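The entries follow in the order I went through them.

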Amino acid sequence: MDFKNIGEQVIQKYQEDEQLMIRLFVQWCANHQLDPHELYKRAYPHQQQNAAMETIIKQADDEDDIHIDNETTLDVLQLFGNEDLAFVVADEIERLAQK
């Protein structure tokens, strides 16, 4: 077995999963008429714009809308270590529930 190849496969799988996490976040934002850029900026004010998210937002216009529930969104964000973004999303969930 080639360890380099295994390492590359692990990295590729993580990147694919990360893309899925971003897609779920962007779709959740669309479901609630929220701007994913604004939420991301609130969570990570010192980071530059997320290029992967920008690509996915552009692609999202061509895809079917699916409902992403709040718990799934929070779980996936936390699974990928995006606790700050999950905290912002949780605040939005609370705000939306008060409407």
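Predicted model: local features only at pLDDT ≥ 70, side-chain atom pairs only at ≥ 80, totals over all residues.

**Entry 1: a loop residue**

Where is Gln33 found? I traced the chain and found Gln33 in the loop between α1 and α2.

I looked up Gln33 for its backbone. Its phi is near 50°, a positive value in a residue other than glycine. Most residues other than glycine have a negative phi, so I marked the spot. Is Gln33 buried or exposed? With 70% relative accessibility, Gln33 counts as exposed, because the cut-off for that class is over 50%.

**Entry 2: the whole chain**

Next I stepped back for the overall picture. I counted 5 helices and 0 strands in the protein chain, and from the N terminus on the order reads α-α-α-α-α. Along the principal axes, the C-alpha atoms fill a box of roughly 55 × 30 × 25 Å.

How much of the chain is buried? Of its 99 residues, 30% count as buried. I also checked how far contacts reach along the sequence. Taking contacts between residues at least 6 apart in sequence, I noted that 67% join residues at least 24 apart.

**Entry 3: salt bridges**

How many salt bridges does the structure hold? I noted 4.

I began with α1, which covers residues 3–31. The side chains of Lys13 and Asp17 meet there in a salt bridge, at 3.2 Å from N to O. Both residues lie in this helix, 4 residues apart, which is about one turn. Lys13 is partly exposed at 47% relative accessibility, and Asp17 is partly exposed too, at 27%.

Then I moved to α2, residues 36–43. Glu38 forms a salt bridge with Arg42, and their closest N and O atoms are 3.4 Å apart. Because Glu38 and Arg42 are 4 residues apart in α2, about one helical turn separates them. Glu38 counts as partly exposed at 36% relative accessibility, and Arg42 is partly exposed with a relative accessible area of 36%.

What else does Arg42 pair with? I found Glu92, which forms a salt bridge with Arg42 with the closest N and O atoms 2.9 Å apart. Glu92 lies in α5 (residues 83–97) and Arg42 in α2, so this pair ties together parts that are 50 residues apart in sequence. Glu92 counts as buried, because its relative accessibility is 6% and the cut-off is under 20%.

Which residues are linked in the network of salt bridges? I wrote down Glu38, Arg42, Glu92 and Arg95.

**Entry 4: α2 against α5**

Two packed helices are described by the angle between their axes and the distance between the axes. For α2 and α5 I noted an angle of about 120° and axes 8 Å apart. That angle makes α2 oblique to α5. The crossing of α2 past α5 is right-handed.

On the α2 side, the contact is made by Leu39, Tyr40, Arg42 and Ala43. On the α5 side I listed Asp84, Leu85, Val88, Asp91 and Glu92. By class, the residues of this contact divide into 5 nonpolar, no polar and 4 charged.

**Entry 5: α4 against α5**

How do α4 and α5 pack? Their angle is about 165°, with the axes 8 Å apart. This makes α4 roughly antiparallel to α5, since the cut-off for that class is over 145 degrees. α4 passes α5 in a left-handed crossing.

From α4, I listed Asn70, Thr73, Leu74, Leu77 and Gln78 in the contact. From α5, the contact takes in Glu83, Leu85, Ala86, Val89, Ala90 and Ile93. I sorted the residues of this contact into 7 nonpolar, 3 polar and 1 charged.

**Entry 6: the loop between α4 and α5**

My last stop was Asn82, placed in the loop between α4 (70–79) and α5. Is Asn82 buried or exposed? Asn82 counts as buried, at 16% relative accessibility. Which residues is Asn82 in contact with, leaving aside its neighbours within four places in sequence? I noted Met21, Tyr44 and Leu77. Leu77 was already on my list for α4 in its contact with α5.

Key. Residues numbered from 1 in each chain as written. Heavy atoms only, no water. Helix = DSSP H or I, 4+ residues; strand = E, 2+ residues; numbered from the N terminus. Buried < 20%, exposed > 50% of the residue type's maximum accessible area, 1.4 Å probe, protein only. Axes fitted to C-alpha atoms, helices over the stretch in contact; angles between N-to-C directions. Parallel < 35°, antiparallel > 145°, perpendicular 65-115°, else oblique. Left-handed = near helix turned anticlockwise from the far one by under 90°. Contact = heavy atoms within 4.5 Å. Nonpolar A, V, L, I, M, F, W, Y, C, P; charged D, E, K, R; others polar.
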